[in-house]
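Me: I would like a close look at a single part of this model. Please keep the explanation plain.
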Amino acid sequence: MADYDPYASREVEVPLTVWDAFFSLVKCVIGTGILAMPLAFKFTGVLGGCVLTVLSMFVLIYGMELLIMCMVESCRRKKVPYMTFHETMEFAFEEGPKCCRWFSKAAGYSVDIILGLSHYGVNVVYIVFVAVNLKQFIEEYFAKIDLRILIAIVGICCIPLFLLRHLKYLVPSNILATCLILLGILAIFWYLFRGLPSISERNMFPDLIKIPFALGIVLFSISSVGVMLAIESKMAEPKKYLGWLGVLSVAAILICILYIFFGLIGYWRYGDATEATITLNIPVEEILAQVIKLGIAVAIFLTYPLSGYVTVNIIMDHLKKRDLKNPHMVEYIVRICFVLLTTLNGIAFPNLGPLLSLVGAFSISVLNLIFPCFIELCLYHDSYGKFLWKLWKNILIIIFGSIIFFYGSYTAFVEMIEEYFT
């Protein structure tokens, strides 16, 4: 068993080179999250925002590397080339202490539930993001419109595109979306560098009460667990994905630098007036600004089906086990219901800032910290090392992740409730 190498046995139909994996990772992580980074700096200050982003990125890299190493170890023990997050979680609990084995199935399902809810939350953010930016444009050139009505319209417009079941049909729209986002971000820098005030006018240190809220935003911005795992699974040389100079670490460092720079400049430029997304700060009366807003809004609209694909795929994998008579029709119904639910969720809670924070605190803390630690505890329950260091390390990280999960989710949810009743 010790001689089995999962990497050597893995066969990928169209493998990614190291550079393919690097650019795919950077492209997939950079999205709506970067546009909210100035808001995180607004709550944490210049120095606090830099420190928080670096620590969050360190946590991200550690959690992902721990998870992938445990996935590879599970493959080695089971003698299979690859195992999914769900399969790894279930297998780890089966291998763990006797008290864990009886709910190994539930542990596996919990991964699917949290991962599905995570992408569901991202899709809610996407609908609200598109509606908020369209609202500024419509009110500038036409007439005032209620945000909730606009969210409903955007949601209905998402249905035709979301009924495309195969990813290959989404490739053209994804390419267009990527180009629009990158061009939009570059154009936004024109406004950020124009008329910068003195840096002394900005807070250097954080508002302690707002740290959990800001942390949720940062976590939402920098992580995409499903995409990161998918890229590793498709690499021709997956061993080069991990390590200090691995694809994941190098890409994460580049993304961290870019996010700090964008968040810092955005907060430096707009200060306490910084909005939930920086696109709302650029002038509404200038044509270039409106083109940027519309371009990024269209890009996020086109990205909606790709993010929702993960949740629908998880649901359909479980439904297909019931031997459905017409699985295609069932999937269409699931997809329509998914769009309607995300739309209703956006109508109920249209405040973009708390939504971003809630999704980040709720999902990333569990998927990046808590679950990988549970997996390692179960896989190595008979060899925790000298002074049981693996046990204590994982317990501390689980406690830290739980604090982020509960307190971060609580503060974001309170903000959403307050917004709802005001």
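Which residues form one aromatic cluster?

Reply: This is a predicted model, in which local features need pLDDT of at least 70 and side-chain atom pairs count only at pLDDT 80 or more, while totals for chains, interfaces and linings use all residues. Residues are numbered from 1 along each chain as its sequence is written, and side-chain values use heavy atoms, with hydrogens and water left out.

The cluster is formed by Y120, F162, Y304 and F338. Rings of Phe, Tyr and Trp (its six-membered ring) pair if their centres lie within 6.5 Å; planes under 30 degrees apart count as stacked, over 60 as edge-to-face and the rest as tilted. The count by this rule is 15 aromatic pairs. One of them is F137 with Y141, a tilted pair with 5.2 Å from centre to centre and 50° between the planes. Both residues belong to helix α6 (residues 104–141), 4 residues apart, or about one turn of the helix; helices here are DSSP runs of H or I with at least four residues, numbered from the N terminus.

F162 lies in helix α7 (residues 147–162) and F338 in helix α13 (residues 327–348), so the pair ties together parts that are 176 residues apart in sequence. F162 is buried, at 0% relative accessible area, and F338 is buried too, at 5%. Buried means under 20% relative accessible area, exposed over 50%, and partly exposed in between, for a 1.4 Å probe and protein chains only. Y141, at 38%, counts as partly exposed.

Terms used:
Helix = DSSP H or I, 4+ residues; strand = E, 2+ residues; numbered from the N terminus.
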